[in-house]
Amino acid sequence: MTQDPVDPQRPAFDGPPLSLEEELAAANADPEPQPSIETVNESLKDGLNRCPKCGSTDVRLRASTGMLVCLFCRNEWQEARVEEEFGLGEGIDQLEGTVIATGAQDIRPDADQVLTFKCEACGAEVVVDTAHALNARCHWCRHTLNVNQQIPNGAVPDAVLPFRLTREEGIERIRAFASKRRLFAHARFKREFVPENVLGVYLPYLVIDARAQAAYWGKGEVETRRWTEKHGDNRVTYYAADVYQVSRQVSFTVDDLTVEGSSERADFSSGKTNNIVNAILPFDTKNAVKWNASYLVGFTSEKRDLDVAAVTPVLEDQLLSIGRAQVHPSLGRFDRGVRWEQERIDVGGSRWVSMYLPVWLYSYRQESNGMLHYIAVNARTGETMGSIPVSQPKLLLAAFTVGTVLEGIAGAILVAMA
Amino acid sequence: MSPATGLDLITAVTTAVITAVVHLTPALAQASDDGILWLLAAGPAGGVATYWAIHRYYRNTDKSHAYERDTLIDAQPPQGGEERIDHIARTRDSDIDGDNADKYRQRVQRVR
């Protein structure tokens, strides 16, 4: 460890000052276009997604294999993984600036939410509300119509991670989770619990690669002596310690940090149970594939409504936490602990990709307080987390019983000591 | 209630009660007036701990994605320094005030 005290308040030197003309020219110049990754699936267009073998449009995901299956000829195929297709796993340590894939671009408030398609099979006009679905049946000829082009309303992401757990497996995990928590569950919840009401939902996330440097400053203490003094009947331990000014810097890259892309899902205030859905992360995002709306047939989806700028503070917060975890092992000599007082994060470069990730979601609204409880299953890894409404009278009774027993034991000890 | 259910719950409650009792043990050892007061507090403390443990087991309000651990991170060795600036000759505190070395998500003053 080198002796390298750093003054956090000192600004970094970034070259000689510019002349007034240069400053004005820089202020008036057009903003530099941000680098981007083009992720539009060129092999598809809005309208009919046909089976490459027989031409049928009855195509959907087969969860047990993670592949698209044609319901007419049983042909199975899948889209390419975006990791290799767009080079998302490479060059994180050389990232510069903010690179945003086309499916994660800013949402335009004037972008259409409702699209009208002309069915290529029969010519009928079919309406799709992209806020809730990206597929629709032509009501005349029964063909399935799909939204495949990236509209600037956040509905079509760069990539999708298909469901792997079947509905039955999702129900089984939800049932097992709830059955372990029956004794103190709210009576009405137990009565109304129907795990078969589970919904398969694709939730929107921003998946981020980033290169960053974090720095921390604070105080650390090392114990130099410990002794005991007698005060009357009591023995009191005293300590002596050296106080140090401590600084740490660490450079690191993160690969596929996953952050909520929906403002509703990103609200972790105490009246919500969105932390439950957050807790089933991470997903195996390396296996995400290029967008194809056929993956969503039979599932619901939630539209992304957060832009990169809105999520950037969350990214910085998480990078600061990751940096703190990385420097923690270097603090071993401070046996009385370290109190960090200042911190700084410099994000050298970041790459943003929007993805739909698969969740089996059971929701229950508790009538007594209006709270929405979730039991969520990660439809890739099977990780399950949930919030079960509790019966307050039962809980208080249990607490009172344990308290009474302990108090009885304490009383018995006191009597024995007397 | 299945046997597994009962076992999970008993484990959670026992852990909470043991935690409460362990905190009371030093006071008990002193056997002073303070110790008697602490011993009498065992009942309320155990009750609160039971409530808290069961509530947490059912509602999972403390759970979230452990991104510090579950993300692919490639880090260089940490750099930095330490300089002795003071000496505490006598204190009853066994550790530093406001130790946040392992509270990774607790934000401190941000330097821009």
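Let me begin with the lining of the largest cavity, whose residues divide into four nonpolar, one polar and four charged. In this classification Ala, Val, Leu, Ile, Met, Phe, Trp, Tyr, Cys and Pro are nonpolar, Asp, Glu, Lys and Arg are charged, and the others, Gly among them, are polar.

The model is predicted: local features need pLDDT of at least 70, side-chain atom pairs count only at pLDDT 80 or more, and totals for chains, interfaces and linings use all residues. Residues are numbered from 1 along each chain as its sequence is written, chains are lettered from A and ligands numbered from 1 in the order in which they are written, and side-chain values use heavy atoms, with hydrogens and water left out.

To return to the cavities, the structure holds two of 30 Å³ or more. A cavity is a set of points, on a 1 Å grid over the protein atoms alone, where a 1.4 Å probe fits but cannot get out; a pocket is an open set with protein on both sides within 12 Å along at least five of seven lines; lining residues have an atom within 4 Å of a point. Grid points are joined across faces, edges and corners, and a volume is the space filled by probe spheres set on the points.

The largest cavity has about 50 Å³ of space, and its lining includes E83(A), D209(A), D256(A) and R351(A). Strand β16(A) supplies the largest share of that lining, three residues. Helices (H or I, at least four residues) and strands (E, at least two) are DSSP runs, numbered from the N terminus. The second largest cavity, of about 40 Å³, has M355(A) and R304(A) among its lining residues. Here too β16(A) gives the most, with three residues.

A cis peptide bond joins L281(A) and P282(A), with omega about 5°; P282(A) is in the loop between α5 and β14 of chain A. Most residues other than glycine have a negative phi, and most peptide bonds are trans.

I turn now to the interface. In chain A, 98 residues are in contact (heavy atoms within 4.5 Å) with 73 residues of chain B. The area buried between the chains is about 7,600 Å², of which carbon and sulfur atoms give 57%. Buried area is the accessible area (1.4 Å probe) that two parts lose on being put together, summed over both. R324(A), R336(A) and E343(A) supply 8% of the area that chain A buries against chain B, more than any other three residues.

How many salt bridges does the rule find across the interface of chain A and chain B? There are seven, a salt bridge being a side-chain nitrogen of Lys or Arg within 4 Å of a carboxyl oxygen of Asp or Glu. R248(A) forms a salt bridge with E82(B), the closest N and O atoms being 2.9 Å apart. On the side of chain A that touches chain B, β13(A) gives the most, with 22 residues.

Within chain A, R175(A) and E196(A) also form a salt bridge, at 2.7 Å from N to O. R175(A) lies in helix α3 and E196(A) in the loop between α4 and β12, so the pair ties together parts that are 21 residues apart in sequence.

Finally, the largest pocket contains about 380 Å³ of space. Of its 24 lining residues, those closest to the centre are A266(A), F268(A), N275(A), N278(A) and S64(B).
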